[in-house]
Amino acid sequence: MSPADLLRSPFMRRDWVRVKNGVATLIPPHSVVLITATTVTNNEVVYTVRQPNAASTDFNWNGYLITGPFSIPATVGAEGVATEASVPALARYDTGTPALKEVWGPKHGQFTLSKGYHGFEIVGTNTTSPSGTNVVPVRWIGVEEVLVKNETGSPIAAANSGSCNVYVGTAGSETDSGMDLTCYNRSSTSWATGKFGGASRLNGSSVYGVPWQT
Amino acid sequence: MTTQASVSFTGISNIRQVRFPFSRGVLPSQGVIYCPPVDGLDAGGTLTFSFGGNSFSFQDCAISSCHLVRHYDGLHPIWMVCFKDRRWRWKQKTVSGDWNRRLSDGTVDPATQLTPAGLAQQILTALGEGSYDTSQMPTGVYPRCLWQDERADIALQRLCDYVGCEVVLNPRTNAVEIWPLGSGSTTSTGAGELVPKYRHVPRVNVPSQVRVVCGPSVYQSQLQLTATARNYSNGQERKLADWEGMPSGGITTESPISFPNISSNNLRAIAFEEYLRLFHVTAQKGGGLAVPNCPTAITSTEQYVLSDTLLETYTDGWGFKKNLPCYVEGDFWAYSDIATNVSNQRYTGEFKTLLDRRSVQFPFPMLKLSSSGAYGEPTLYLVTSYKVKDANGQFSGLTREGAVSGSGGTLVLKRPEIFSIYSNSTSPGAQTNTEAQATAEADQYVSIFQQKYSRTTASEITYPGLLSGSLDGNICQITWEYSVNHLARTMVCEGDELDVSALSSQERRRNLGSEGQL
């Protein structure tokens with residue numbers, strides 16, 4: 001049993017921020033959400049959140065939060081709390097059994113983490129919440145580099161940019177995540193279509209892709 | 001031939017006349033010696049009466065004043081020397097002690113327990129008395145005594161009054177005796193008395209009933225807590241569902257951390273202070289207002305007079321018993337990682353009791369979460385001890401009564417140190433009902449005072465000569481008179497001090513009262 005005070009209560013030991021629902025969709029407890037805007041309400045920063053990538057297929061390098069043990073009602077503007085998970089927090093996941101040190105992440109169109117996606121490291125053993133959903137302790141570790149594939153149908157010439165699909169999954173059997181990003185080819189090689197490469201964010205928010213295949 | 005009587009007093013010669021009314025109590029009795037005046041009189045010591053070959057003495061007497069009484073012809077003045085018996089020394093003595101402290105369950109703390117006899121012995125030792133008899137003092141009662149440099153004689157009188165006794169100085173043994181009032185011998189008749197025994201019944205002094213009024217009973221049970229908040233418009237406290245600031249979505253959807261749907265600054269301020277943080281006692285656990293084992297009709301929780309401690313105690317590292325604090329228990333979300341509510345658990349965080357408001361306030365919102373994470377009001381109970389008042393503001397407590405043969409109404413004896421407790425605690429060793437013990441002690445006081453008034457008659461009788469005798473619980477005054485010109489006599493009073501030439505017991509008590517002590 002956890003007593004309610006600043007020292008001993010797990011909930012009290014986390015850094016919670018105030019969030020509000022950006023759409024009229026119920027956000028269940030322990031959901032991964034994406035920040036879409038911020039406002040200042042009652043002199044406090046409030047983050048508007050929604051389901052990850054629900055509105056677009058854009059890949060997000062960060063801006064994810066994990067909501068607390070409360071649900072956020074299905075009303076635009078309904079409020080709750082969420083955390084960046086720099087200190088481990090319980091997050092919902094979709095399927096399978098998370099193992100320690102695996103990396104799971106937000107997936108297009110769902111509130112749950114999915115295996116092989118990016119950003120959150122598994123730091124504990126999974127359990128079941130009172131509502132019957134699967135939750136596991138995770139910690140935000142960020143995204144340094146992602147596997148991408150040029151599926152534009154045309155090569156991305158050197159010193160040019162083009163859209164690449166983000167691929168996730170088991171090494172050698174990766175699949176299209178449904179998310180994409182625009183990569184700048186700073187190599188001296190033309191990036192042929194259907195070829196894999198790596199993409200990372202450098203120079204502020206610019207994304208550079210490096211073809212791994214020719 | 002008339003048997004010769006004589007009187008002597010250390011340091012005084014040519015005694016012409018002596019009158020000594022001798023009474024019970026802690027104050028010294030005062031007598032008068034008439035003798036020729038002598039310059040520089042500094043007498044004191046033993047007063048001795050002798051008659052018919054027998055004698056009895058009063059040791060360690062002292063002079064209190066001397067007054068010249070002039071003869072009608074202005075010649076041959078006589079000295080009226082006033083003296084007091086050895087109880088004059090008692091005024092200077094003090095006593096300290098802390099006895100018969102009551103624990104929160106009404107029982108006497110064994111570390112401080114003393115019977116009335118034991119208490120009297122403490123005082124008599126402080127008075128410097130080495131020989132005394134307290135064996136007849138009542139048992140089964142434990143008067144609360146907290147003496148802090150108290151005048152010992154007044155402490156003794158107060159104790160005796162409380163337990164229906166009186167202090168007697170026995171001239172035969174020079175010892176102090178404490179007698180229960182109403183007990184003792186009666187004056188004999190048919191012994192050649194000068195004035196026969198005339199009895200009367202002073203009805204004004206005899207009640208028809210004795211009533212012992214104990215202290216308020218103390219109850220302990222689980223008290224249901226309901227979330228409330230104040231209306232800003234009229235300052236009235238309301239259940240949360242009826243609160244004027246409650247958003248239309250109700251408790252389930254309003255975040256108790258940020259209140260996004262409460263726009264009024266005043267209501268937001270109240271929300272941050274009270275919404276799911278302020279809980280009011282509204283009933284007993286399970287519903288209803290009736291207090292288990294309490295005969296008082298309860299129509300409102302305003303009749304509960306809450307304390308913030310339990311009846312249970314613990315013994316600290318220095319051997320002192322301290323009351324445990326009250327606590328909250330129930331079903332609530334304990335600020336854990338998961339939306340799981342504890343069930344029937346003790347809340348171990350901070351909270352504040354607002355006793356006059358019969359409320360509890362928490363520093364964080366107390367809530368329950370549904371399995372889907374929606375907010376809800378928790379089920380909470382305050383476990384604490386409390387007293388109960390009736391509709392007239394009278395505390396509920398034990399009273400015990402007994403009939404006395406008089407017609408002077410009810411004598412009310414307040415014994416606030418006696419009280420009963422009623423608790424549904426399941427803590428190991430906790431008392432749950434002390435009514436039997438409290439009733440027994442109160443009944444003992446009834447018996448004590450029934451005995452005090454068991455003899456309703458008062459009387460006086462006068463015998464020839466200076467007769468040795470002692471006071472007791474019935475015989476309350478003996479007056480010895482000696483004169484060179486008249487027959488010596490002994491007047492004995494039962495039931496009341498009837499010697500009009502002496503200060504009455506009521507006046508002596510008024511004197512003590514004027515000293516601010518009794």
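I'll start with the second largest pocket, whose lining divides by class into ten nonpolar, nine polar and eight charged residues. Keep in mind throughout that this is a predicted model.

That second largest pocket holds about 590 Å³ of space. Its lining comes to 27 residues, and those nearest the centre are B:P28, B:S29, B:Q30, B:K84 and B:L503. On chain B, β2 (17-23), β3 (30-35), β6 (78-84) and α5 are the elements that give two or more residues to this lining.

Now the largest pocket. The space in the largest pocket is about 850 Å³. Its lining counts 34 residues, with B:R24, B:L181, B:K452, B:G495 and B:S505 nearest the centre. Sorted by class, the lining of the largest pocket has 13 nonpolar, twelve polar and nine charged residues.

Which elements of chain B each supply at least two residues to the lining of the largest pocket? They are α2 (152-162), β10 (165-170), α4 (435-452) and α5 (505-514). Of the contributors, α5(B) gives the most, namely five residues. I mentioned α5 of chain B for the second largest pocket too, where it is among the elements giving two or more lining residues.

Next, the interface. The size of an interface is often given as the accessible area lost when the parts come together. For chain A and chain B, the buried area is about 2,400 Å², and 66% of it is on carbon and sulfur atoms. In terms of contacts, 30 residues of chain A touch 29 residues of chain B.

On the polar side, six residue pairs are in polar contact between chain A and chain B, counting pairs with both residues at pLDDT 80 or more. On chain A, β5 (79-83) and β10 (127-128) each supply at least two residues of the side that touches chain B. That side of chain A is made up of 15 nonpolar, ten polar and five charged residues.

How many salt bridges are there between chain A and chain B? The count is one. In that salt bridge the side chain of A:R14 meets the side chain of B:D337, at 2.7 Å from N to O. As background, side chains of opposite charge can pair when their charged atoms come close.

Over all chains, the count of salt bridges comes to 25. One I would pick out on chain B joins B:E481 and B:R19, with the closest N and O atoms 3.3 Å apart. This pair links distant parts of the chain, 462 residues apart: B:E481 sits in strand β31 (residues 475-483) of chain B, and B:R19 in strand β2 of chain B.

Last, the cavities. Rolling a probe the size of a water molecule over the atoms shows where empty space is left.

The largest cavity has about 50 Å³ of space. What lines the largest cavity? From chain A there are A:R14, A:W16, A:H30, A:I66, A:T67, A:P69, A:T83, A:A89 and A:L90, and from chain B there is B:D337. On chain A, β4 (64-67) and β6 (89-92) are the elements that give two or more residues to the lining of the largest cavity. By class, the lining divides into five nonpolar, three polar and two charged residues.

The second largest cavity has a volume of about 50 Å³. Its lining is made of B:S57, B:F58, B:Q59, B:D85, B:R86, B:L169, B:N170, B:P171 and B:N174. The elements giving two or more residues here are β5 (54-69) and β10 of chain B. The largest share, three residues, comes from β5(B). Its classes are three nonpolar, four polar and two charged residues. As for β10 of chain B, this strand also supplies at least two residues of the lining of the largest pocket.

That's what I have for today.

Terms used: Residues are numbered from 1 along each chain as its sequence is written. Chains are lettered from A and ligands numbered from 1 in the order in which they are written. This is a predicted model: local features need pLDDT of at least 70, side-chain atom pairs count only at pLDDT 80 or more; totals for chains, interfaces and linings use all residues. Side-chain values use heavy atoms; hydrogens and water are left out. On a 1 Å grid over the protein atoms alone, a cavity is a set of points where a 1.4 Å probe fits but cannot get out, and a pocket is an open set with protein on both sides within 12 Å along at least five of seven lines; lining residues have an atom within 4 Å of a point. Grid points are joined across faces, edges and corners, and a volume is the space filled by probe spheres set on the points. Helices (H or I, at least four residues) and strands (E, at least two) are DSSP runs, numbered from the N terminus. Ala, Val, Leu, Ile, Met, Phe, Trp, Tyr, Cys and Pro count as nonpolar, Asp, Glu, Lys and Arg as charged, and the others, Gly among them, as polar. Contact means heavy atoms within 4.5 Å. Buried area is the accessible area (1.4 Å probe) that two parts lose on being put together, summed over both. A salt bridge is a side-chain nitrogen of Lys or Arg within 4 Å of a carboxyl oxygen of Asp or Glu. A polar contact is a pair of N or O atoms within 3.5 Å; within protein, one must be able to donate a hydrogen and the other to accept it, and residues adjacent in sequence count only if both atoms are side-chain atoms.
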